[in-house]
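Here is a walk through the model, one piece at a time. Keep the structure open beside the text as you read.

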Amino acid sequence: MKARILVVDDDEALAEMIGIVLRNDGFDPVFCADGGQALDVFRSSRPDLVLLDLMLPGSDGIEVCRQIRGESDVPIVMLTAKSDTSDVVRGLESGADDYVPKPFKPAELVARVRARLRPGEQKAPETLRIADVTIDVAGHMVTRGGERISLTPLEFDLLVALARKPWQVFTRELLLEQVWGYRHAADTRLVNVHVQRLRSKIERDPEAPEVVLTVRGVGYKAGS
Amino acid sequence: MQSPGSHKQGGTRMTDARRLMLLGRIWTRRALILGLRVWRLVVTALRHLRPGLRYLWKSLLRRWRRSLEFRTVMMTIVLSVVSFAVVGAYLSNQIANNLFQERLTQAESESRYYVKQVQDTFDGAQVNDQSSVITLVYDTLNAVEGNGSVIQRRYVFEALPEQNKPRNRWVESRASDQLTVRVIPSELRKAVQESGKEQYWASTEFPVGNQDHPGIAVGNKVTFNGTVYELYLLYDLENAQQTLDQIQNVLWAGGAALIIMIGGIAWYVTRNVVSPVSHAAVVSEKLAAGQLQERMVVKGEDEVARLGASFNHMAASLQEQITQLATLSQMQQRFVSDVSHELRTPLTTVRMAAEVLFDARENFDPINRRSAELLYNQVERFQSLLSDLLEISRFDAGAAVLEAEPQDIFQVIGQVIEGAAPVAEEYGSELRLTSRNKSIIVEMDSRRIDRILRNLVLNAVEHGEGKPVHISVAANHEAVAVTVRDHGIGMTPAEAARVFDRFWRADPARARTTGGSGLGLSIAAEDTKLHNGWLQAWGQKGAGSNFRLTLPLKKGGTIVKSPLHLEPHDLRLPGTAADRHVLLVDPQESPADDGGASTAAGSPESDASEGPDAREAGEAGRA
């Protein structure tokens, strides 16, 4: 089955070009040019991934991102012309999993899409623990003290990657490779923002983390 | 002096004298010891008190320097003390003079009258026997004394010395109670003795009761029975002195009170004048610190109010200017951001289309294929130029933010080397990393440092003519340095000073083949500046070039000395440096550092430091 991808972009030429590239690579693109209608189109088309332009007429891309994230864990990749830190961080904080800065190459875009669409490889029944957090890998479920915590697939992958090797310190680059699927060095802000978001969900006190620990000057590791 | 009869007593006197001498010596010794002890006590006390006194002195000096109020009050007090001393001295002198003159005139006229009376009495006396002469003289003189009357006089009656003594001279001298002729100043006596009939006067002191009183002595000559006598009438000035003392006391008290009051007034007035000034100082300090909304309080219409009003006016226009600048900067940032978005979206479409065409070029005829290739390559170039331009304009707009985090610099270097490896392979260069350290944690924006180092390494590979590129890393306690050394075509010191200029190219002919935006090193310089670091270049024609990046270990730290030399050490060794590692310089061993004087890219000194660099390179060339 072809993966359906919702392209939310007001620039028709770009949307069409993205459509050509995606179709060429065997995806099924759906388009929406207006941020105000993005949520309706999202609901009706039920895509496997959303490509979202940050600057949209009607409603801000960040707002759209928040609305979609509000009702779904579907992967969101932002298209951004602004590579200013604050914009990228704002986009990531509103729930996007990854971003592709304009101008991008077709291959880059497709790689990002594929990385986020990675079919959840058949996971063996496996239960991991970090601190007081229990992770059911096959069941895609995270609990703390019997209470279920809702994580996006990306956050889940990040947590699992750390929990599988609690003895290892992960550099941001390693996490980018393992969790996001970047083969070359990319922007480590992705990791920072997602670690913050993950912490805000699973830590009792995000200021004093116990589950995802920072190793100064190196990266992150799982707590014990 | 000793009479023979008293010989026997001489012995005892001698012993007395000896004992006295002995006693004297003992007492001298004791006094000496006592004096020494007192001296030591004073010295110790001074030594103990000295820090306190010095502190007091210093704090007074500090107040004097720092407080206009204190200075003004002190000056006022000192000046008023001086003027009061002058005025008081003059006043008291005047009063004393007037008092004295008045008494003197009175004394002189009285004396004249009484002396005449005495002389008349003596002249008309018909006495011959001793007792009646004595009685006459005494009675006359007692009458002069004027007991019981308001004005008290005293007299001294003395026969003029060195004259023939007649037989009937029974009275030699006579004086009031307690007085002798010794109270009369000798000058006065001399004047009276040598003169004819004139009257003389002099100030003197004479005993009254058990204290000395000041007074005036008026001297005359009188003749009695052929004997010339000196007659001195003495007038007591004690009352006048007391009046004067009282007046002086009043002057002292009044002066002190006035000085205290003047001090108070000076303090009050200065305070009134200075407090707006110090208020203005406080407000302008706040303004300077960036609190642009600070204003002075304006009351009334006086000079201070005018100062306040104009100060506020100045602050307002300053605030306006700064706000305007800030708005402009914001507008610039907004513009850059908008241009970025507006340009990037169509560029993305073009780029994707170009790539689709490029991927399908095998199916085109040669003309279209070449066109597709050109389109693809130039779109790539356009894109890198645009992103560099936008990056530079972000720096110019002050929109670049440093996101420093502690990170191992070797991690970043590793990535850079990994990323540059394919290019290096293409050029046939080898990338070699040398360092004594295994890990150096630096507070840095790794994205920017990555960009700087990537730029330096790729530049070195491009200009390295296939020879190895050496990357050296070293740290001292405050900074870390990375040098990227190539052994390629090199550059002249003058070129080295300009490499960080925008769009500057060493060889304009090479520009087209090598590509690049010409902004890479300018961006690197800006990134370094953001880190408060140094980015410097060294070059020599034919000997390659060396770029050194020095970063403070802590964010916002300052660098005094770079851990690595900018001028490569391998240059001093004979032979080609092609396959020799760059010698690492230990900061402790390095005899001198060139850090401060070299081209600090991105900083205003970069042009000025062309000199030292050029000289260095020249010396190296001779060696």
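Strand 11 and strand 12 of chain A run antiparallel and are joined by four bridges. Strands count as paired if DSSP finds at least two bridges between them. V215(A) sits opposite G219(A) of strand 12. The two strands make a hairpin with three residues between them, and in the turn G217(A) has a positive phi of about 80°.

The pair belongs to an open, antiparallel sheet of three strands in chain A, ordered 10-12-11. Its edges are strand 10 (170–171) and strand 11 (212–215) of chain A, each of which pairs on one side only. Strand 10 of chain A is held to strand 12 (residues 219–222) by two bridges, again antiparallel, with F170(A) facing Y220(A). Helix 6 (residues 153–164) of chain A packs on this sheet, touching strand 10, strand 11 and strand 12, and its direction makes about 70° with that of strand 12 of chain A. For such angles, axes are lines fitted to C-alpha atoms (for helices, over the stretch in contact), and values run from 0 to 180 degrees between N-to-C directions. Touching means contact: two residues whose C-beta atoms, placed from the backbone, lie within 7 Å.

## How to read the model

This is a predicted model, in which local features need pLDDT of at least 70 and side-chain atom pairs count only at pLDDT 80 or more, while totals for chains, interfaces and linings use all residues. Residues are numbered from 1 along each chain as its sequence is written, and chains are lettered from A and ligands numbered from 1 in the order in which they are written.

## The rest of chain A

Chain A has eight helices and 12 strands. Of its 224 residues, 43% count as buried. Buried means 20 or more other C-beta atoms within 10 Å of a residue's own, exposed means 12 or fewer, and partly exposed is in between, with C-beta atoms placed from the backbone. Looking at contacts in chain A with a separation of 6 or more, 55% come from residues 24 or more positions apart.

Which residues of helix 3 of chain A are buried? In this helix (residues 61–71), they are G61(A), I62(A), V64(A), C65(A) and I68(A). Seen down the axis, the buried residues of helix 3 of chain A fall within an arc of 155°, so they line one face of the helix. That arc is taken from the directions from the helix axis to the C-beta atoms. On the face turned away from the buried side, helix 3 of chain A carries the exposed G70(A) and E71(A).

Chain B has 13 helices and 12 strands, and 27% of its 623 residues are buried. For contacts in chain B between residues at least 6 apart in sequence, 67% join residues at least 24 apart.

An open sheet of five strands in chain B runs in the order 7-9-10-12-11, with mixed pairing. Strand 7 (431–435) and strand 11 (534–540) of chain B are the edges, each pairing on one side only, and the twist averages 15° from one strand to the next. Helix 8 of chain B lies across strand 7, strand 9 and strand 10 (479–486), at about 160° to strand 7 of chain B.

## Strand 9 of chain B

How many residues of strand 9 of chain B are buried? Seven of its seven. V469(B), I471(B), V473(B) and A475(B) point one way, while H470(B), S472(B) and A474(B) point the other.

Strand 9 (residues 469–475) of chain B pairs with strand 7 of chain B in the parallel sense over five bridges. There L433(B) stands opposite I471(B), and R432(B) has H470(B) as its bridge partner. With strand 10 of chain B, strand 9 runs antiparallel over six bridges, and I471(B) stands opposite V484(B). Strand 9 and strand 10 of chain B form a hairpin with three residues between them.

## Where the chains meet

At the interface, 25 residues of chain B are in contact with 25 residues of chain A. Helix 6 (303–359), strand 6 (405–408), helix 8 (409–427) and helix 9 (446–463) of chain B each supply at least two residues of the side touching chain A. Helix 6 of chain B gives the most, with 13 residues.
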